[in-house]
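Hello,

Here is the structure I promised to pass on. Please open it and keep it beside this email while you read.

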Amino acid sequence: MSYTLYMAFIEWNDTLNTNITEIDEQHRQIVALINALSEAVRNRAAESDMKALFEAIAKDTKAHFETEERLFRMHSYPERSAHAELHRQLETQVESLSSKIRTGAMPVNDSVLLFLRDWFITHIEGSDRLFGFWIQSRK
């Protein structure tokens, strides 16, 4: 019997921690969904299942951004406007992808996964960690 072991598409590590529990928990949930989508693409799951996973990622990401922006306001984060603008940019990109995926103009494929992974990791390791460091410095 032969087994193939696959690494998760996104491996959680300390560089993804913001040390803000609520944000880190949401990040982990989004990572789990992206990894599930990666698994679905790799296993050639039904297109409807992949669309549903993509929509779940989009929905959870939007809710996550609302959480972050609430925390920005609550803590008077000085970079809140610039950070929120990054959120709007991703929401626009995801909505465009979502529309193409819903209509069948674009399949859920590796390019979608790479976009999600690259944006997500870059955003967490950059902007989100800066917010985490800023919060920690105020304690």
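R44 sits in the loop between α1 and α2, and α2 covers 47-74. Keep in mind that this is a predicted model. R44 has a phi near 55°. That value is positive, and R44 is not a glycine. Is R44 buried or exposed? R44 is exposed, with a relative accessible area of 72%. The cut-off for exposed is over 50%.

N19 also deserves a look. Its phi is positive, about 65°, although N19 is not a glycine. Where is N19? Find N19 in the segment before α1, the helix that spans 21-42. N19 has a relative accessible area of 52%. Exposed means over 50%, so N19 counts as exposed.

Now turn to the aromatic rings. How many aromatic pairs does a search of the whole structure find? The search finds 5. Take the pair F72 and F131. Their ring centres are 4.8 Å apart, and their planes meet at 80°. Planes over 60 degrees apart count as edge-to-face, so this pair is edge-to-face. The pair links distant parts of the chain. F72 belongs to helix α2, while F131 belongs to helix α4, residues 110-137. The two are 59 residues apart.

Are F72 and F131 buried or exposed? Both F72 and F131 are buried. Which residues form one aromatic cluster with them? The cluster consists of F72, Y77, F131 and W134.

Best wishes

How values were computed:
Residues are numbered from 1 along each chain as its sequence is written. This is a predicted model: local features need pLDDT of at least 70, side-chain atom pairs count only at pLDDT 80 or more; totals for chains, interfaces and linings use all residues. Side-chain values use heavy atoms; hydrogens and water are left out. Helices (H or I, at least four residues) and strands (E, at least two) are DSSP runs, numbered from the N terminus. Buried means under 20% relative accessible area, exposed over 50%, partly exposed in between (1.4 Å probe, protein chains only). Rings of Phe, Tyr and Trp (its six-membered ring) pair if their centres lie within 6.5 Å; planes under 30 degrees apart count as stacked, over 60 as edge-to-face and the rest as tilted.
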